[in-house]
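Visitor: Hi! I have a chain open on my screen and would like a quick tour. Could you walk me through it?

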Amino acid sequence: MGLFIGAGLGYGLGRRMSGGSAPSSGMSGSNIAQEGRVREVEHQIERLMLLNQSLWELLREKLNISDADLQAKIQEVDMRDGVADGKMTTTALKCPTCGRTSSSKHWKCLYCGQQFEKPIMG
Ligand SMILES: [Zn+2]
């Protein structure tokens, strides 16, 4: 990961140092930056998949739990947002302080600033 970030930084510096501000280069520049960002996110996802798989295999081995146990837990957690869609979905949260509704995307009340309890791995 460190290597990847280093390469990204080097790339950014190289671009900046090449100077030359042709008016049309702005658009392609942002596309290139976006592609770099996508690669970075893909890299992080692949790393997380590796980490997840390793964690699961370690836990299954050490705690003597089964794939069926994991499947049941996945379903339970998936349903916490009220939608069985195989992922954790952004959900409406009612503020315990002012009673108004905010999105779990922000994890705080957009009206009074109350911080909501975040899932540790979320
Ligand atoms: Zn509030």
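Visitor: What is the mean pLDDT of the chain?

Guide: The mean pLDDT is 79, and 75% of the residues reach 70 or more. Among the elements, H3 has the highest mean pLDDT, 92, while helix H1 (residues 2-17) has the lowest, 42.

Visitor: And where is the pLDDT below 50?

Guide: Over residues 1-22. Beyond near neighbours in sequence, that stretch has six contacts in the model. As a rule, coordinates predicted with low pLDDT should not be read in detail.

Visitor: OK, new topic. How many of the residues count as buried?

Guide: Of the chain's 122 residues, 2% count as buried. As for contacts between residues at least 6 apart in sequence, 14% of them join residues at least 24 apart.

Visitor: Back to H3, then. Is H3 buried or in the open?

Guide: Largely in the open, because the number of buried residues among its twelve is zero.

Visitor: What span should the helix have, and how far apart are its ends?

Guide: Helix H3 covers residues 67-78, and at 1.5 Å a residue its twelve residues should span 16 Å.

Visitor: Nice. What sits in the loop between H2 and H3?

Guide: Asn64 is one of the residues there. Asn64 has a positive phi of about 55°, although it is not a glycine. For context, most residues other than glycine have a negative phi. Asn64 is also exposed, because 8 other C-beta atoms lie within 10 Å and the cut-off for exposed is 12 or fewer.

Visitor: Which other residue has a positive phi near 55°?

Guide: Trp107, also a residue other than glycine, has a phi near 55°. Trp107 is in the segment after strand S2 (101-103). With 14 C-beta neighbours inside 10 Å, Trp107 counts as partly exposed.

Visitor: Let me jump to Arg60. Where is it, and how far is it from Leu70?

Guide: Arg60 belongs to helix H2 (residues 25-63). The C-alpha atoms of Arg60 and Leu70 are separated by 9.0 Å, with the two residues ten apart along the chain. Arg60 is partly exposed, having 14 other C-beta atoms within 10 Å.

Visitor: Now the strands. Where does Arg100 lie, and which residues does it touch?

Guide: Arg100 lies in the loop between strand S1 (92-94) and S2. Leaving out residues up to four places away in sequence, Arg100 touches Cys95, Cys109 and Tyr111.

Visitor: How far is Arg100 from Cys112?

Guide: The two are 8.9 Å apart, C-alpha to C-alpha, and twelve residues apart in sequence. Arg100 itself is partly exposed, with 13 other C-beta atoms within 10 Å.

Visitor: Last one: what does Ser103 touch?

Guide: Ser103 lies in strand S2 and touches Thr90 and Ala92, not counting residues up to four places away in sequence. Ser103 and Leu93 are 5.9 Å apart from C-alpha to C-alpha, and ten residues apart in sequence.

Visitor: Is Ser103 buried or exposed?

Guide: Ser103 counts as exposed, with 12 C-beta neighbours inside 10 Å.

Visitor: Great, thanks for the tour!

Note on methods
Residues numbered from 1 in each chain as written. Predicted model: local features only at pLDDT ≥ 70, side-chain atom pairs only at ≥ 80, totals over all residues. Buried ≥ 20, exposed ≤ 12 C-beta atoms within 10 Å, placed from the backbone. Contact = placed C-beta atoms within 7 Å. Helix = DSSP H or I, 4+ residues; strand = E, 2+ residues; numbered from the N terminus. Expected span 1.5 Å × (residues − 1). pLDDT = per-residue confidence, 0-100.
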